Amino acid sequence: MIDKFGDPHIVDWAAAITSEEFSIYLLRIIYKNFIEDDFKAVIKLKMCYCTGGLTDEEKRNYAHRRITEPATRAIRDVARRCRQRIA
């Protein structure tokens, strides 16, 4: 990531997942939720470290919570632990 001063920062991608891992229809829905969660995580970082860089759309997006968000996060955490055991 690049901060508002143009300085680079390293992001740990060790917990990354790919769309191929979620190729079954129902899993694709979960995958789309994961993507939305990732965007919200970036917005959260911007809120902490680059508040002037937030757009109104990002603020609205961050404030919106899906009803399925807690379940999606639980599934993500289980999948992450399973992959870490395999690796």
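1. A residue is called buried here if its relative accessible area is under 20%. The model under review is predicted. By that cut-off, buried residues make up 20% of the 87 residues in the protein.

2. Overall architecture. The secondary structure comes to three helices and zero strands, and the order of elements from the N terminus is α-α-α. Along its principal axes, the C-alpha trace spans about 40 × 30 × 20 Å. Of the contacts between residues at least 6 apart in sequence, 50% join residues at least 24 apart.

3. Length of helix α1. Does the span of α1 agree or disagree with its residue count? At 1.5 Å a residue, the 25 residues of α1 should span 36 Å, and the end C-alpha atoms are 37 Å apart, so the two values agree. The helix covers residues 25-49.

4. Buried face of α1. The buried residues of this helix are I30, Y31, N33, F34, D37, K40, I43 and K46. They pack against α2 and against α3, which covers residues 69-86. An α-helix has 3.6 residues a turn, so residues three or four places apart point the same way. The buried set of α1 includes I30, N33, D37, K40 and I43. Charged side chains are also on the list, among them D37, K40 and K46.

5. Crossing of α1 and α2. Helix α2 is made of residues 56-63, and its axis comes within 10 Å of that of α1, the two crossing at roughly 115°. The crossing is left-handed. On the α1 side the contact is made by K40, I43, K44, K46 and M47; on the α2 side, by E58, N61 and Y62. By class, this contact has three nonpolar, one polar and four charged residues. K40, I43 and K46 of the contact are also buried.

6. Aromatic pairs. How many aromatic pairs does a search of the whole structure find? The search finds two. One of the pairs is F22 with F34, in an edge-to-face arrangement with 5.4 Å centre to centre and 90° between the planes. F22 lies in the segment before α1 and F34 in helix α1, so the pair ties together parts that are 12 residues apart in sequence. Both F22 and F34 are buried.

7. Ring cluster. Ring pairs link F22, Y31 and F34 into a cluster.

How values were computed:
Residues numbered from 1 in each chain as written. Predicted model: local features only at pLDDT ≥ 70, side-chain atom pairs only at ≥ 80, totals over all residues. Heavy atoms only, no water. Axes fitted to C-alpha atoms, helices over the stretch in contact; angles between N-to-C directions. Helix = DSSP H or I, 4+ residues; strand = E, 2+ residues; numbered from the N terminus. Left-handed = near helix turned anticlockwise from the far one by under 90°. Contact = heavy atoms within 4.5 Å. Expected span 1.5 Å × (residues − 1). Buried < 20%, exposed > 50% of the residue type's maximum accessible area, 1.4 Å probe, protein only. Phe/Tyr/Trp six-rings, centres within 6.5 Å; stacked < 30°, edge-to-face > 60°.
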